[in-house]
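Welcome! Take a moment to look over the chains before reading on, and keep the picture at hand as we go.

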Amino acid sequence: MTVSYLVQGAQMVLVLSLAPLLTGVIRKIKARLQRRRGASVIQPYRDLARLMRKDAVLAENASWLFRVAPYMIFAATWVAAALVPTFATGLMFSWSADLIAIIALLGSARFIQALAALDIGTSFGGIGASREMMIATLAEPAMIMIVFTLALVAGSTQLSTVADFMLSGGPGLRVSLALAAVALILVAIAENGRVPVDNPATHLELTMVHEAMVLEYSGRHLAMIEIAASLKLLLYVSLIACVFIPWGMAPMGSDLSAYAVGAGTYALKLLAGAVLLAFFETAIAKMRVFRVPNFLGAALMLGLLGTLLLFVSGTI
Amino acid sequence: MALVLELLCALALLVLAVLAIALGRFSSASRIVYAVSLLVTAAGFAVAVVSLVAMPASLTLPFGLPWLGAHFRLDALAAFFLAVVNFGGAAASLYAIGYGQHEAVPGRVLPFFPAFLAGMTLVVLADDAFAFLLAWEFMSLMSWALVMAHHRDSENVRAGYIYLVMAGFGTLCLLLAFGLLAGPEGGYVFAAMRSHHLPSTLAALVLILTLLGAGSKAGLVPLHVWLPLAHPAAPSHVSALMSGVMTKVAIYAFIRITFDLLGPPDWWWSVVVLALGSATAVLGVLHALMERDLKRLLAYSTVENVGIIFIGLGLALAFRANGLAAAAALALTAALLHVLNHMVFKSLLFFGAGAVQVATGARNIEQLGGLIHRMKVTSAAFLVGAMAIAALPPFNGFVSEWLTFQAVLLSPQVSEWGLKLMVPTAGTMLALAAALAGACFVRAFGMSFLGRPRSPAAAEASDVDRFSRAAMVALAVLCLLLGILPGFVIDWLAPVVRSLAHAQMPAQVSVPWWSIVPIAESRSSFNGLLVFGFIAVSASLAILAIHTLASRTIRRAPAWDCGTPVTSPLTQYSAGSFAQPIRRVFGTVLFRARETVSMPLPGDASPARLEVVLHDIPWEAIYVPLAAAVNGTANWLNRLQFMTIRRYLMLVFLTLISLLLVLAIWT
């Protein structure tokens, strides 16, 4: 019981403290791949600290929603990230929200963010919000299909149970899971606004989505939004790791060494995710915004195919 | 006892309607009528809540057909829907105590409002086909009168006409369905229908007729066309009743006939219901996304939610046909919970739209903007309603959609191939509808309440009276409560579900921390209370930490806008431009949307124009040809009126001969 609380607490602190690092590592690798030296991997922490100390500049017609939104976005994302098992299964509160609820929490964060983007009444905020919601209308059903595939294989939408099931080697190699894995990666790229869907490094071209929405934010509010974005990226990497490469995670009630192994393998998984993402982003070009529906349509079809395969036969 | 009390409530509402005609001349009549109907519906709600767990009671009154009488019955299902009707009625009455003051001709609304409520109460209580249809028609006519309250507006007249035609069509279908159910012996009492089972072809026919009859009232695609016209035409508190409550009465009729009277279902019924529900959900919300009139947008979103409820009902039918009682109970609970949730947030949103209309005189969201600064309470309540209807935690809409998803996940247990393919597709459509609803309500809230005012009226708006605000705040609080403590409602629904599905969901209130656990905790669980608590605590912690350890100063400055701020509010993103990406992705096929850009020649100072054409496919493919055919036939038959006497005599003679021939062949 107390162990579960400790694991849960450790998890909450861990995701919060690692998230900027993950962003920093990805930026560093990308810089090296582009033959730049790049900023230090701890630069995101310095940025956050600097932003928090600065005054927040609000537009003259900003409403209360604009001021509250960063904290809501941060809180919803943090809670969601804290419920995805990282180094150990058996989280204390993992039953309080299953995978569908975690996705819906991210949906709440996105809803608030899109509203905050519309609050000032600038066309940049509008364009970002409009495109973000368009991408979400395709990414969310795809994500639900992935959840269906996982839930039908593992017999549960609880992430801890799914991870335990995958860890026990129950499913083996399955076509439907492979389809779901590909679909999940596509969705993760779109949801986090990475290349080729959106470019996290710029806000000055007309294909922008996320950066356009946060254009009016500054100071501590911007810091909250930045950290929420990092958390969301960490969440998706953890989710892919937890479901498809669960090895090394400490099951419930294991001893301290198992937790140490779990933490070590988790760090390796994050690093692997960062390297792969950086390579992918360097190798591929950003696509036009109206190509994104095809990209996400592929994810939706893969997810639906995975689910249908499972309806046809429980063992494919 | 409870049944008598409910009937007395209906009677009191009818008396109130008559009194309202007499009182109509006095200036305070509006307040009195709405206050009394608030009291009566509140009493009706309390009785319904209590009697849900009680034994069914029935009563025969000496009205109606002499050999039949009027049968009334109050069982768990009726009690649940009575609670929905009366709660919606009470909320609308409270809102209208303030809102009704703005009515130009109160005499056109006041008598019909309580009568409409009484009609809905009697539909739910009726226990024979005659009383049911009579109450159903009464309900339709009273709501039609309310739609026509502002009858000088030509759009309202058109809406009223289409509504009247569709309502007549729906009642006709229900009449035929009851005729088939009654059988050759004419057992018009529901108990007689329950006791004898129809052969499967006739039962299928009854299902189709019920889908047409109840579906046309509820707004199933393609029978939804009247709904986005008629619901917004009425005053806003009536729109809330029509959208939030009357569609639920139609769903009651569907549940009563298919789950209660019709006997065991065939599996393919559920395929039909699921397909209709999915199409309704997605088309409804896409229409809502394209709509600029705030109230019409809400009406289209009602179509979407009716689709979601029908997906739940279709799943319940599928499980019942397969003998999976526990799964059917889960799906049915999800559908009923969504009935309740939708009543709450749709009423709230219509109240908000009414408040906006009172404050600005506008319903077009392209003319609004910035209202969050001037209508603080309304905007906060509307935000809660928007998040709830977009199925976002921790509000109530999420819980019922989550339960529906859990029911979808149980469907590999069904054995038929048609269902095995249909159910995941319906699940995808549900997810798509939920995501589109998110986009739709970002647009609705963002354009109306955020940004800068797009018209002088929006710039000078002020918040509405305290009764209207009280109604909205109460419903917003309820959205949150139902979202974080759904277990109590699920347990309260158990008798209803048990009476229809012969099983119920596991008891929820006894689960630690008030989680909801549809089947088993290892399978899935959700705890809105904890999630809400976590979010509230971590947000407060973040605020506290940053304000004490880092900075808390605020500076106000002009908007940054990438260094090139433009002052005109017209440069903001408009509702049309917000919807453009989704229109391009989904609308090119579903609405045959076409955009044409006409650029002026170089040197010409005239503006460039973007023209968007959308087609309403069901309307153009079904209703327009149908109306043309009816017109054509009528014109053709019109010739019968202008014939010579010889021809008339010949017609009479021919008719006589053919009748004699028929008689000769018959025997």
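Which residues lie on one side of strand 2 of chain B and which on the other, and are they buried or exposed? B:Ala70, B:Phe72 and B:Leu74 are on one side, B:His71 and B:Arg73 are on the other, and all are buried.

## Before we start

This is a predicted model, in which local features need pLDDT of at least 70, side-chain atom pairs count only at pLDDT 80 or more, and totals for chains, interfaces and linings use all residues. Residues are numbered from 1 along each chain as its sequence is written, while chains are lettered from A and ligands numbered from 1 in the order in which they are written.

Helices (H or I, at least four residues) and strands (E, at least two) are DSSP runs numbered from the N terminus. A residue is buried if 20 or more other C-beta atoms lie within 10 Å of its own, exposed if 12 or fewer, and partly exposed in between, with C-beta atoms placed from the backbone.

## A covered strand and its partner

In a regular strand the side chains alternate between the two faces of the sheet. Strand 2 of chain B covers residues 70-74, and five of its five residues are buried. Strand 2 of chain B pairs with strand 1 (residues 57-61) of chain B in the antiparallel sense over five bridges; two strands pair if DSSP finds at least two bridges between them. Within this pair, B:Ala57 stands opposite B:Leu74.

## Where the chains meet

Chain A brings 74 residues to the contact and chain B brings 70; two residues are in contact if their C-beta atoms, placed from the backbone, lie within 7 Å. On the chain B side, helix 17 gives the most, with 14 residues. That side divides into 43 nonpolar, 19 polar and eight charged residues. Here Ala, Val, Leu, Ile, Met, Phe, Trp, Tyr, Cys and Pro count as nonpolar, Asp, Glu, Lys and Arg as charged, and the others, Gly among them, as polar.

Strands also link the chains: strand 1 (residues 56-59) of chain A and strand 3 of chain B pair in the parallel sense over four bridges.

## Helices side by side

In chain B, the axes of helix 1 (residues 2-23) and helix 2 (residues 29-51) come within 10 Å and cross at roughly 170 degrees. Axes are lines fitted to C-alpha atoms, for helices over the stretch in contact, and angles run from 0 to 180 degrees between N-to-C directions. That crossing makes helix 1 of chain B roughly antiparallel to helix 2 of chain B, a term for angles over 145 degrees. The residues of this contact comprise 17 nonpolar, three polar and one charged.

In chain A, helix 4 (residues 99-119) and helix 5 (residues 123-154) pack at about 170 degrees, with axes 9 Å apart. Their contact divides into eleven nonpolar, four polar and three charged residues. Back in chain B, helix 11 (residues 267-290) is mostly covered, with 19 of its 24 residues buried.

## Loops worth a look

Most residues other than glycine have a negative phi, and most peptide bonds are trans. A cis peptide bond joins B:Val221 and B:Pro222, with omega about 5 degrees, and B:Pro222 sits in the loop between helix 8 (200-218) and helix 9 (227-233) of chain B. The bond from B:Pro393 to B:Pro394 is cis too, with omega near 5 degrees.

B:His502 has a positive phi, near 60 degrees, and counts as partly exposed because 13 C-beta neighbours lie inside 10 Å.

Technical notes. Angles under 35 degrees count as roughly parallel, over 145 as roughly antiparallel, 65 to 115 as roughly perpendicular and the rest as oblique.
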